[in-house]
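Open the model in your viewer and keep the selection panel at hand. The stops below run in the order in which to select them.

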Amino acid sequence: MLFNSLGFAIFLPIVFLLFWAMPQKHRWIVLLLSSYYFYMSWNVKYVVLILFTTIVSYVTALILEKTPREGKRKLCLTLALCACLGVLFVFKYFNFFTETVVRLLQRFALPIHPVTLKLMLPVGISFYTFQTLSYVIDVYRGEVKAERHFGRYAAFISFFPQLVAGPIERTDNLLPQINKKEFQFSYENASYGLKLMAWGFFKKLVIADNLGVYVDQIFNDVTYYKGFSVLLSVLFFTLQIYCDFSGYSDIAIGTARLFDIRLMTNFKSPYFSGSVREFWTRWHISLSSWFRDYVYIPLGGNRVSRLRNCVNLMVTFLISGLWHGAAWTFVVWGGVHGALQIVEKQLFGKKKLPKLLVFVPVALAWVFFRANSMTDAIYVFSHLFTGITAPKEYFLAPMSDFDWTIKQICFLTAPVMLLAAYDHAALTGDPIETISRLPRAGRWAIYYVFLLTVILLASFNAQEFVYFQF
């Protein structure tokens, strides 16, 4: 079930009414049942996977808390991690692994055919797997107590607003909210949630989905284009991926507010960063902090030699790239970000750089993220500026594409400027709260203009969110 679908528009009000009509002690049941229905709307059979990882992590945490011997605790933790990651490996990485091994062996003249599995990637599997892993590891470290109530724990893992594409919530933030004895409805909280949802839909429907049409046309047949067409598609995807993913996070966080639950912030104006390091404290914060706490710091973080710290950074970002997708393009994308941080740290330390100097390499790195293959990515980089000085070759596409692009640029200039203004204001405050404090006339004028913009420019084709594939 997509956020930007008629089904969700019907589903959410029903769940909202049921939740607040239910007695306090039973409201977690509404969250649990609605979350599992939400997940099963994609594929009923794959609910077994989330149930399996939920049961494994739940039981493991209870055993860890009752086991005093460190050796047995480590064994128990290892088995749980292998079980949860094993499911993720089979469904997401098995084919990639076997094909890579076969190609490597074929280099040594060993003719072996790859064994592949015809499995559909379950939506959200990377997200809820990491959420269960962090829970088990936190219990092992003694940072949180194991949850005794299985139903509430299952609601914590499957909470529908953030189930499919995050934020990847931490135990100490979300689980106590699922467990609280009294949920308090407030008009201010619900109003803020709806406004944040509206902003998320604006980013998704008005900007991301419109830009995505052009991006898909170029990248799905990239060798047909060069020059300005390719350069424009790189810029468009840089905006598309941000508006698509942060738009999802805004909708998720806003939806949770309707149920008196506060999810963690996942984006903080990342394209206004003064360094690549800062970019990763502002982009997909729930994932970057997850890798910091469960990969980078356990490897030694920055409490080691300079060389070892560089290795730790690179390993962390290579794994992060692989988390995003089972393809070498994602691994290279992660490696590029790791390399950028290493170079930046050695040359500039903690100095802030001009924002454009950070934006450009981040935008170019997205080529690896979006390209369908390494061959396509190399083609993009080698043809970015080919023919760009020849006016007649600015758009090496049919005239209809030229007309379409001009129209899109004109139509989307105002929304993109609004996005930039919002993100810039978000650096020092909360734009939604700022607007809410304006006099009624000014406030409602903004709301009406915003609504009119969405009606005129939104794409209502219910396109999937980009991060659903991860």
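**Stop 1: positive phi**

Select H284, which counts as buried at 0% relative accessibility; buried means under 20% relative accessible area, exposed over 50%, and partly exposed in between (1.4 Å probe, protein chains only). This is a predicted model, in which local features need pLDDT of at least 70 and side-chain atom pairs count only at pLDDT 80 or more, while totals for chains, interfaces and linings use all residues. Residues are numbered from 1 along each chain as its sequence is written, and side-chain values use heavy atoms, with hydrogens and water left out.

H284 is not a glycine, yet has a positive phi of about 45 degrees. The loop between α11 and α12 (285–299) holds H284; helices here are DSSP runs of H or I with at least four residues, numbered from the N terminus. Most residues other than glycine have a negative phi.

Next, select S269, in the loop between α10 (228–257) and α11 (276–282). Phi of S269 is also positive, near 45 degrees, and S269 counts as buried at 4% relative accessibility. Show the S269 side chain and the backbone oxygen of D423: the two are 2.7 Å apart, a polar contact (N or O atoms within 3.5 Å, one able to donate a hydrogen and the other to accept it). Apart from neighbours within four places in sequence, S269 is in contact (heavy atoms within 4.5 Å) with Y242, R282, D423, A426 and L427.

**Stop 2: the nonpolar core**

Which residues touch the most other members of the largest nonpolar core? Select F3, F8, I261, W283 and W366, out of 138 residues in this core. A nonpolar core is a set of buried Ala, Val, Leu, Ile, Met, Phe, Trp, Tyr and Cys residues joined through side-chain atoms within 4.5 Å. Then colour helix α9 (residues 187–219), which gives the most to the core, with 16 residues.

Return to F3. Beyond four places in sequence, its contacts include F8, F38, P161, F201 and F465.

**Stop 3: the helix α4 residue F89**

Finish at F89 in helix α4 (residues 70–107). F89 is partly exposed, with a relative accessible area of 32%.

Terms used. Helix = DSSP H or I, 4+ residues; strand = E, 2+ residues; numbered from the N terminus.
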